[in-house]
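Q: Could you take me through this structure? I have not looked at it before.

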Amino acid sequence: MRNNQVRLNCGIAMPVIGLGTYSSQNDRETTELAIHMALKLGYRHFDTAKIYGSEPAVGNALRKAILDKTIEREDVFVTSKLWGSDHHDPVSALKQTLQNVGMEYLDMYLVHWPVKLKPWACDSVPKEEDFEELDLESTWAGMEKCMEMGLCRCIGVSNFSSKKIERLLDFASVTPAVNQVEMHPIWRQSKLRETCEDYKIHVSAYSPLGAPGNAWGSTAVVDSPIIKSIALKHKATQLSLLQIMKVALQWGISKGSSVIVKSFNKDRMKENMGSFDLKLDDQDFLEIDNLEQSKTMRGDFLVNQTTSPYKTLHDLWDEDI
(Lines give C-alpha, C1' and ligand atoms only; values in the text may rest on other atoms or scores of the structure.)
Protein backbone atom coordinates (compact mmCIF):
# COMPACT_ATOMS: atom_id res chain seq x y z
CA MET A 1 0.00 0.00 0.00
CA ARG A 2 1.31 3.48 -0.87
CA ASN A 3 2.37 5.68 2.04
CA ASN A 4 -0.24 8.28 1.06
CA GLN A 5 -3.07 5.84 1.77
CA VAL A 6 -4.57 4.29 4.89
CA ARG A 7 -6.12 0.83 5.12
CA LEU A 8 -9.59 0.96 6.66
CA ASN A 9 -11.21 -1.73 8.81
CA CYS A 10 -13.51 -2.61 5.89
CA GLY A 11 -10.44 -3.68 3.92
CA ILE A 12 -10.17 -0.86 1.39
CA ALA A 13 -7.50 1.82 1.05
CA MET A 14 -8.32 5.52 1.35
CA PRO A 15 -6.05 8.38 0.22
CA VAL A 16 -4.82 10.31 3.24
CA ILE A 17 -5.42 13.74 1.70
CA GLY A 18 -8.92 14.47 0.45
CA LEU A 19 -10.41 17.52 -1.23
CA GLY A 20 -13.42 18.93 0.58
CA THR A 21 -16.07 20.45 -1.68
CA TYR A 22 -18.22 22.44 0.74
CA SER A 23 -18.63 25.98 -0.54
CA SER A 24 -20.91 28.66 0.82
CA GLN A 25 -21.26 29.97 -2.73
CA ASN A 26 -22.00 26.47 -4.09
CA ASP A 27 -20.72 27.48 -7.52
CA ARG A 28 -20.95 24.34 -9.65
CA GLU A 29 -18.58 25.52 -12.38
CA THR A 30 -15.92 26.62 -9.89
CA THR A 31 -16.17 23.29 -8.04
CA GLU A 32 -15.84 21.29 -11.27
CA LEU A 33 -12.79 23.29 -12.35
CA ALA A 34 -11.21 22.78 -8.92
CA ILE A 35 -11.72 19.02 -9.14
CA HIS A 36 -10.15 18.86 -12.61
CA MET A 37 -7.18 20.84 -11.24
CA ALA A 38 -7.01 18.59 -8.18
CA LEU A 39 -6.87 15.47 -10.35
CA LYS A 40 -3.92 16.93 -12.25
CA LEU A 41 -2.17 17.63 -8.94
CA GLY A 42 -2.65 14.05 -7.76
CA TYR A 43 -5.76 14.24 -5.57
CA ARG A 44 -7.79 11.03 -5.63
CA HIS A 45 -10.07 11.47 -2.59
CA PHE A 46 -13.12 13.75 -2.90
CA ASP A 47 -15.45 14.60 -0.03
CA THR A 48 -18.99 15.86 -0.54
CA ALA A 49 -22.40 15.72 1.19
CA LYS A 50 -26.04 16.18 0.32
CA ILE A 51 -26.21 19.35 2.42
CA TYR A 52 -23.17 20.86 0.64
CA GLY A 53 -25.05 20.92 -2.66
CA SER A 54 -21.84 19.86 -4.42
CA GLU A 55 -22.69 16.25 -5.27
CA PRO A 56 -23.67 17.02 -8.91
CA ALA A 57 -20.49 19.06 -9.50
CA VAL A 58 -18.26 16.39 -7.97
CA GLY A 59 -19.92 13.66 -10.01
CA ASN A 60 -19.86 15.63 -13.25
CA ALA A 61 -16.16 16.48 -12.95
CA LEU A 62 -15.16 12.92 -12.09
CA ARG A 63 -17.32 11.40 -14.84
CA LYS A 64 -15.70 13.70 -17.41
CA ALA A 65 -12.26 12.64 -16.22
CA ILE A 66 -13.26 8.98 -16.45
CA LEU A 67 -14.65 9.44 -19.96
CA ASP A 68 -11.44 11.28 -20.96
CA LYS A 69 -9.45 8.29 -19.64
CA THR A 70 -7.67 10.63 -17.21
CA ILE A 71 -8.65 8.27 -14.40
CA GLU A 72 -10.53 5.04 -13.85
CA ARG A 73 -13.45 4.94 -11.41
CA GLU A 74 -11.48 2.64 -9.09
CA ASP A 75 -8.67 5.23 -8.95
CA VAL A 76 -10.77 7.71 -6.97
CA PHE A 77 -12.31 7.59 -3.51
CA VAL A 78 -15.66 9.37 -3.18
CA THR A 79 -17.29 10.16 0.17
CA SER A 80 -20.73 11.61 0.80
CA LYS A 81 -22.93 11.96 3.87
CA LEU A 82 -26.44 11.23 5.13
CA TRP A 83 -28.20 14.42 6.23
CA GLY A 84 -30.48 14.42 9.28
CA SER A 85 -33.66 14.59 7.17
CA ASP A 86 -32.82 11.20 5.62
CA HIS A 87 -32.31 9.15 8.79
CA HIS A 88 -35.70 7.51 8.21
CA ASP A 89 -34.47 5.94 4.93
CA PRO A 90 -30.70 5.90 4.31
CA VAL A 91 -31.08 3.54 1.31
CA SER A 92 -33.31 5.95 -0.60
CA ALA A 93 -31.07 8.86 0.39
CA LEU A 94 -27.97 7.10 -0.92
CA LYS A 95 -29.75 6.15 -4.14
CA GLN A 96 -30.52 9.86 -4.62
CA THR A 97 -26.89 10.76 -3.91
CA LEU A 98 -25.76 8.19 -6.49
CA GLN A 99 -28.13 9.77 -8.99
CA ASN A 100 -26.67 13.18 -8.14
CA VAL A 101 -23.08 12.03 -8.70
CA GLY A 102 -23.95 9.75 -11.62
CA MET A 103 -22.17 6.73 -10.16
CA GLU A 104 -23.09 3.17 -9.27
CA TYR A 105 -21.53 3.25 -5.80
CA LEU A 106 -19.77 5.45 -3.25
CA ASP A 107 -16.56 4.44 -1.55
CA MET A 108 -17.69 5.87 1.80
CA TYR A 109 -21.08 6.93 3.17
CA LEU A 110 -21.13 8.73 6.51
CA VAL A 111 -23.86 9.69 8.98
CA HIS A 112 -23.22 13.45 8.90
CA TRP A 113 -24.37 14.20 12.47
CA PRO A 114 -26.00 12.17 15.26
CA VAL A 115 -29.16 14.21 14.61
CA LYS A 116 -32.49 13.19 13.07
CA LEU A 117 -34.67 15.81 11.37
CA LYS A 118 -38.08 15.77 9.77
CA PRO A 119 -37.99 14.54 6.15
CA TRP A 120 -38.58 18.02 4.72
CA ALA A 121 -35.90 19.73 6.84
CA CYS A 122 -33.20 20.30 4.24
CA ASP A 123 -31.60 23.51 5.54
CA SER A 124 -28.07 23.42 6.91
CA VAL A 125 -29.33 25.19 10.03
CA PRO A 126 -32.46 23.36 11.24
CA LYS A 127 -35.43 25.23 12.62
CA GLU A 128 -36.65 24.44 16.12
CA GLU A 129 -39.62 22.48 14.77
CA ASP A 130 -37.41 20.34 12.48
CA PHE A 131 -35.94 18.00 15.12
CA GLU A 132 -37.05 14.43 15.76
CA GLU A 133 -35.98 11.91 18.36
CA LEU A 134 -32.83 10.11 17.21
CA ASP A 135 -33.18 6.37 16.68
CA LEU A 136 -29.56 5.60 15.90
CA GLU A 137 -30.10 1.85 15.83
CA SER A 138 -32.63 2.21 13.00
CA THR A 139 -30.42 4.70 11.16
CA TRP A 140 -27.38 2.43 11.39
CA ALA A 141 -29.39 -0.58 10.21
CA GLY A 142 -30.23 1.48 7.11
CA MET A 143 -26.56 2.33 6.63
CA GLU A 144 -25.63 -1.35 6.92
CA LYS A 145 -28.30 -2.11 4.31
CA CYS A 146 -26.67 0.40 1.95
CA MET A 147 -23.39 -1.49 2.23
CA GLU A 148 -25.09 -4.88 1.93
CA MET A 149 -26.79 -3.74 -1.31
CA GLY A 150 -23.45 -2.63 -2.81
CA LEU A 151 -24.45 1.05 -2.90
CA CYS A 152 -21.27 1.89 -0.97
CA ARG A 153 -18.06 0.08 -0.10
CA CYS A 154 -17.79 1.34 3.49
CA ILE A 155 -19.92 3.15 6.05
CA GLY A 156 -18.96 5.49 8.84
CA VAL A 157 -19.95 8.46 10.95
CA SER A 158 -19.09 12.12 11.38
CA ASN A 159 -19.18 14.38 14.43
CA PHE A 160 -19.58 11.45 16.85
CA SER A 161 -18.14 11.71 20.35
CA SER A 162 -16.37 8.82 22.07
CA LYS A 163 -19.50 8.01 24.03
CA LYS A 164 -21.72 8.04 20.93
CA ILE A 165 -19.27 5.74 19.14
CA GLU A 166 -19.49 3.28 22.02
CA ARG A 167 -23.29 3.46 22.10
CA LEU A 168 -23.37 2.72 18.37
CA LEU A 169 -21.11 -0.30 18.83
CA ASP A 170 -23.57 -1.75 21.36
CA PHE A 171 -25.86 -2.76 18.48
CA ALA A 172 -23.87 -2.32 15.25
CA SER A 173 -23.23 -5.39 13.10
CA VAL A 174 -20.75 -3.35 11.05
CA THR A 175 -18.21 -1.18 12.87
CA PRO A 176 -17.88 2.30 11.36
CA ALA A 177 -14.79 2.52 9.18
CA VAL A 178 -14.35 6.26 9.72
CA ASN A 179 -15.29 9.00 12.15
CA GLN A 180 -14.84 12.35 10.39
CA VAL A 181 -14.45 15.14 12.95
CA GLU A 182 -12.91 18.55 13.41
CA MET A 183 -9.25 18.04 14.24
CA HIS A 184 -6.22 20.32 14.06
CA PRO A 185 -3.37 21.52 16.33
CA ILE A 186 -5.79 23.73 18.31
CA TRP A 187 -8.40 20.95 18.73
CA ARG A 188 -6.43 17.74 18.98
CA GLN A 189 -9.11 15.14 19.85
CA SER A 190 -6.77 13.02 22.00
CA LYS A 191 -9.49 11.08 23.83
CA LEU A 192 -11.54 10.50 20.68
CA ARG A 193 -8.49 9.28 18.78
CA GLU A 194 -7.77 6.79 21.56
CA THR A 195 -11.35 5.51 21.52
CA CYS A 196 -11.38 5.14 17.75
CA GLU A 197 -8.01 3.40 17.80
CA ASP A 198 -9.36 0.88 20.32
CA TYR A 199 -12.10 -0.09 17.83
CA LYS A 200 -9.95 0.27 14.67
CA ILE A 201 -12.03 3.23 13.49
CA HIS A 202 -10.04 5.65 11.35
CA VAL A 203 -10.22 9.33 12.34
CA SER A 204 -10.53 11.68 9.39
CA ALA A 205 -9.94 15.37 10.08
CA TYR A 206 -12.13 18.05 8.59
CA SER A 207 -11.07 21.68 9.00
CA PRO A 208 -7.47 20.52 9.56
CA LEU A 209 -6.40 24.17 9.37
CA GLY A 210 -9.24 25.46 11.58
CA ALA A 211 -11.37 26.54 8.58
CA PRO A 212 -9.92 30.07 8.35
CA GLY A 213 -11.82 30.75 5.10
CA ASN A 214 -15.27 29.87 6.46
CA ALA A 215 -17.69 32.21 8.24
CA TRP A 216 -17.79 29.80 11.21
CA GLY A 217 -14.06 29.10 11.10
CA SER A 218 -11.05 30.50 12.91
CA THR A 219 -7.55 31.73 12.10
CA ALA A 220 -6.23 30.39 15.43
CA VAL A 221 -4.19 27.66 13.72
CA VAL A 222 -2.60 29.71 10.94
CA ASP A 223 -2.04 32.70 13.29
CA SER A 224 -0.51 30.63 16.09
CA PRO A 225 3.00 31.90 16.99
CA ILE A 226 4.00 28.34 17.87
CA ILE A 227 2.87 26.92 14.51
CA LYS A 228 4.63 29.81 12.78
CA SER A 229 7.87 29.18 14.66
CA ILE A 230 7.75 25.47 13.77
CA ALA A 231 7.12 26.37 10.12
CA LEU A 232 10.05 28.79 10.14
CA LYS A 233 12.34 26.18 11.68
CA HIS A 234 11.61 23.77 8.83
CA LYS A 235 11.86 26.37 6.07
CA ALA A 236 15.23 27.74 4.97
CA THR A 237 13.68 30.63 3.05
CA GLN A 238 11.07 33.23 4.04
CA LEU A 239 8.10 32.03 6.09
CA SER A 240 4.85 31.77 4.14
CA LEU A 241 1.21 30.89 4.88
CA LEU A 242 1.67 27.77 2.73
CA GLN A 243 4.46 26.52 4.99
CA ILE A 244 2.32 27.16 8.10
CA MET A 245 -0.48 25.15 6.52
CA LYS A 246 1.88 22.26 5.79
CA VAL A 247 2.87 22.10 9.47
CA ALA A 248 -0.78 21.81 10.53
CA LEU A 249 -1.55 19.16 7.91
CA GLN A 250 1.56 17.14 8.66
CA TRP A 251 0.65 17.20 12.36
CA GLY A 252 -2.70 15.56 11.54
CA ILE A 253 -1.18 13.03 9.14
CA SER A 254 1.51 12.17 11.71
CA LYS A 255 -1.25 11.34 14.20
CA GLY A 256 -2.51 8.67 11.80
CA SER A 257 -5.44 10.70 10.49
CA SER A 258 -6.48 11.58 6.98
CA VAL A 259 -7.10 15.28 6.31
CA ILE A 260 -9.90 16.83 4.26
CA VAL A 261 -8.54 20.10 2.90
CA LYS A 262 -10.77 22.77 1.43
CA SER A 263 -9.06 25.12 -0.99
CA PHE A 264 -9.75 25.73 -4.66
CA ASN A 265 -6.58 27.87 -4.95
CA LYS A 266 -4.07 26.07 -7.17
CA ASP A 267 -0.96 27.04 -5.20
CA ARG A 268 -2.52 25.97 -1.91
CA MET A 269 -3.83 22.75 -3.40
CA LYS A 270 -0.34 21.95 -4.66
CA GLU A 271 1.30 22.76 -1.32
CA ASN A 272 -1.26 20.69 0.57
CA MET A 273 -0.23 17.66 -1.45
CA GLY A 274 3.37 18.43 -0.51
CA SER A 275 2.64 18.03 3.20
CA PHE A 276 4.12 14.52 3.10
CA ASP A 277 7.55 16.06 2.47
CA LEU A 278 7.62 17.87 5.82
CA LYS A 279 8.77 15.90 8.87
CA LEU A 280 8.04 17.23 12.35
CA ASP A 281 10.31 16.31 15.27
CA ASP A 282 9.53 15.42 18.88
CA GLN A 283 9.98 19.01 20.05
CA ASP A 284 7.45 20.19 17.47
CA PHE A 285 4.86 17.70 18.72
CA LEU A 286 5.53 18.68 22.34
CA GLU A 287 5.03 22.37 21.59
CA ILE A 288 1.79 21.69 19.73
CA ASP A 289 0.53 19.46 22.56
CA ASN A 290 0.93 22.42 24.94
CA LEU A 291 -1.20 24.79 22.86
CA GLU A 292 -4.44 25.96 24.44
CA GLN A 293 -7.36 24.16 22.78
CA SER A 294 -10.41 25.71 21.12
CA LYS A 295 -13.17 24.03 19.11
CA THR A 296 -14.39 25.84 16.01
CA MET A 297 -17.39 23.79 14.81
CA ARG A 298 -19.27 23.77 18.11
CA GLY A 299 -22.64 22.69 16.72
CA ASP A 300 -24.69 25.36 18.51
CA PHE A 301 -27.24 25.19 15.67
CA LEU A 302 -28.17 21.65 16.78
CA VAL A 303 -28.83 22.59 20.41
CA ASN A 304 -32.07 23.94 21.85
CA GLN A 305 -34.11 23.59 25.02
CA THR A 306 -37.32 22.27 23.46
CA THR A 307 -37.13 19.94 20.44
CA SER A 308 -33.49 18.90 20.04
CA PRO A 309 -32.25 15.78 21.88
CA TYR A 310 -29.30 17.97 22.82
CA LYS A 311 -30.16 20.68 25.35
CA THR A 312 -26.53 21.71 25.81
CA LEU A 313 -23.26 21.43 23.88
CA HIS A 314 -22.14 18.88 26.48
CA ASP A 315 -25.12 16.71 25.50
CA LEU A 316 -23.99 16.86 21.87
CA TRP A 317 -20.28 16.21 22.43
CA ASP A 318 -20.37 14.43 25.82
CA GLU A 319 -16.96 14.57 27.48
CA ASP A 320 -15.20 15.41 24.19
CA ILE A 321 -15.73 19.16 24.60
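**Salt bridges and helix packing**

A: One place to begin is a salt bridge between Asp 107 and Arg 73, whose closest N and O atoms are 3.0 Å apart. The model is predicted, so local features need pLDDT of at least 70 and side-chain atom pairs count only at pLDDT 80 or more, while totals for chains, interfaces and linings use all residues. Residues are numbered from 1 along each chain as its sequence is written, and side-chain values use heavy atoms, with hydrogens and water left out.

Q: What counts as a salt bridge here?

A: The term means a side-chain nitrogen of Lys or Arg within 4 Å of a carboxyl oxygen of Asp or Glu. In general, side chains of opposite charge can pair when their charged atoms come close.

Q: Where do Asp 107 and Arg 73 lie?

A: Asp 107 is in strand β6 (residues 106-111) and Arg 73 is in the loop between α2 and β5 (77-82), so the pair ties together parts that are 34 residues apart in sequence. Helices (H or I, at least four residues) and strands (E, at least two) are DSSP runs, numbered from the N terminus.

Q: Are those two buried or exposed?

A: Asp 107 and Arg 73 are both buried. Buried means under 20% relative accessible area, exposed means over 50%, and partly exposed is in between (1.4 Å probe, protein chains only).

Q: How many salt bridges are there?

A: The count comes to 18 salt bridges by this rule. One of them joins Asp 318 to Lys 164, with the closest N and O atoms 2.8 Å apart. Asp 318 lies in the segment after α11 (313-317) and Lys 164 in helix α5, so this pair ties together parts that are 154 residues apart in sequence. Asp 318 is buried at a relative accessible area of 6%, and Lys 164 is buried at 4%.

Q: And what does Lys 191 pair with?

A: Lys 191 meets Glu 319 in a salt bridge (3.7 Å, N to O). This pair links distant parts of the chain, with Lys 191 in helix α6 and Glu 319 in the segment after α11, 128 residues apart. Lys 191 counts as partly exposed at 40% relative accessibility, and Glu 319 is partly exposed with a relative accessible area of 33%. Elsewhere, salt bridges that share partners join Arg 28, Glu 32 and Lys 64 into one network.

Q: Back to α6: which of its residues are buried?

A: In helix α6 (residues 190-198), the buried residues are Leu 192, Arg 193, Thr 195 and Cys 196. Seen down the axis of α6, they fall within an arc of 160 degrees, so they line one face of the helix. That arc is taken from the directions from the helix axis to the C-beta atoms.

Q: What do they pack against, and what is on the face turned away?

A: The buried residues of α6 pack against α5 (162-169), β10 (178-182), β11 (202-206) and α8 (241-254), where contact means heavy atoms within 4.5 Å. The face turned away from the buried side carries the exposed residues Glu 194, Glu 197 and Asp 198. After α6 comes Lys 200, whose phi is positive, near 60 degrees.

Q: New topic: which residues of α7 are buried?

A: Ile 227, Ile 230 and Ala 231 are buried in helix α7 (residues 225-233). Viewed down the axis of α7, its buried residues fall within an arc of 100 degrees, so they line one face of the helix. They pack against α8 and α10 (282-289).

Q: How do the axes of α7 and α8 cross?

A: The axes of α7 and α8 come within 9 Å and cross at roughly 100 degrees. The two helices are therefore roughly perpendicular to each other. Axes are lines fitted to C-alpha atoms, for helices over the stretch in contact, and angles run from 0 to 180 degrees between N-to-C directions. Angles under 35 degrees count as roughly parallel, over 145 as roughly antiparallel, 65 to 115 as roughly perpendicular and the rest as oblique.

Q: Which residues meet there?

A: From α7, Ile 227, Lys 228, Ile 230 and Ala 231 meet Gln 243, Ile 244 and Val 247 of α8. By class, this contact has five nonpolar, one polar and one charged residues. Ala, Val, Leu, Ile, Met, Phe, Trp, Tyr, Cys and Pro count as nonpolar, Asp, Glu, Lys and Arg as charged, and the others, Gly among them, as polar.
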